[in-house]
Amino acid sequence: MTKEAIKKQVLDAFDHRVAIRVYNDSDISHDDMEYILDTAWLSPSSIGLEAWRFIVLDRKHIAKLRDDLKAVAWGAQPQLDTASHFVLLIAEKNARYDSESVKDSLVRRGLGEGDTLNSRLATYESFQKNDMKMADNPRALFDWTAKQTYIALGNMMTAASMIGIDSCPIEGFNYDKVNHILAKAGLINPHKEGIASMVSFGYRLRDPKHPRSRKPRENVITWAD
């Protein structure tokens, strides 16, 4: 496949992707979901931390949580009734420069010994204390890891669209109450992690009523002189 053909394929997938709220009753195959999840697993993250988890719910597991989630997730009402799968994007809490997760990420990448380890940790300490000013702010630390999950979110939705699978990113829910539901179900440890967002997957029942609308390209993209 030529470069131009690949570019067209990718842009066609972006153009096809819209937020789908009602799906038909077709199930996504396990292999196709694994492919979508691989794009989340392989996504980049700040300082290579990968301070995330992706919890996958198929129709059976959605049904177990549906009533509880619908009561607190106004943005997921029709998706919880019709989606083939949900992915819950979970972010780590308290990912300070001196945490075990930061050290483990360095060890995983072969940077976890001696002066190399100490140099990296010193850089991350300065980054969190001086650049981001978040080292002693638990909310800021969570926001930092949570926003990284959106890289994986975008990659999953694009990968899905490229093989004809629809999706909808979801932020419309009460975060504290959803975290409580997930903790009660044994899906998260609320002391160490929390939900950042959700995304539903399936096959659209119908095309959206309203056409896609975007700001003029020239208003959004600026080439520096």
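## The second largest pocket

Let's start with a lining that has 4 nonpolar, 1 polar and 4 charged residues: that of the second largest pocket. Here Ala, Val, Leu, Ile, Met, Phe, Trp, Tyr, Cys and Pro count as nonpolar, Asp, Glu, Lys and Arg as charged, and the others, Gly among them, as polar. The model is predicted, so local features need pLDDT of at least 70 and side-chain atom pairs 80 or more, while totals for chains, interfaces and linings use all residues. Residues are numbered from 1 along each chain as its sequence is written, and side-chain values use heavy atoms, without hydrogens or water.

Who lines this pocket? A19, I20, R21, V22, R206, D207, P208, K209 and H210 do. Its volume is about 260 Å³, meaning the space filled by probe spheres set on grid points joined across faces, edges and corners. A pocket is an open set of points on a 1 Å grid over the protein atoms alone, where a 1.4 Å probe fits, with protein on both sides within 12 Å along at least five of seven lines; lining residues have an atom within 4 Å of a point.

## The largest pocket

The largest pocket comes in at about 300 Å³. Of its 14 lining residues, K93, R139, F142, N179 and I195 are the closest to its centre. Sorted by class, the lining has 7 nonpolar, 3 polar and 4 charged residues.

Which element gives the largest share of this lining? That's α7, with 6 residues. Helices (H or I, at least four residues) and strands (E, at least two) are DSSP runs, numbered from the N terminus. α7 (138–162), α8 (175–184) and β4 (193–202) each supply at least two lining residues.
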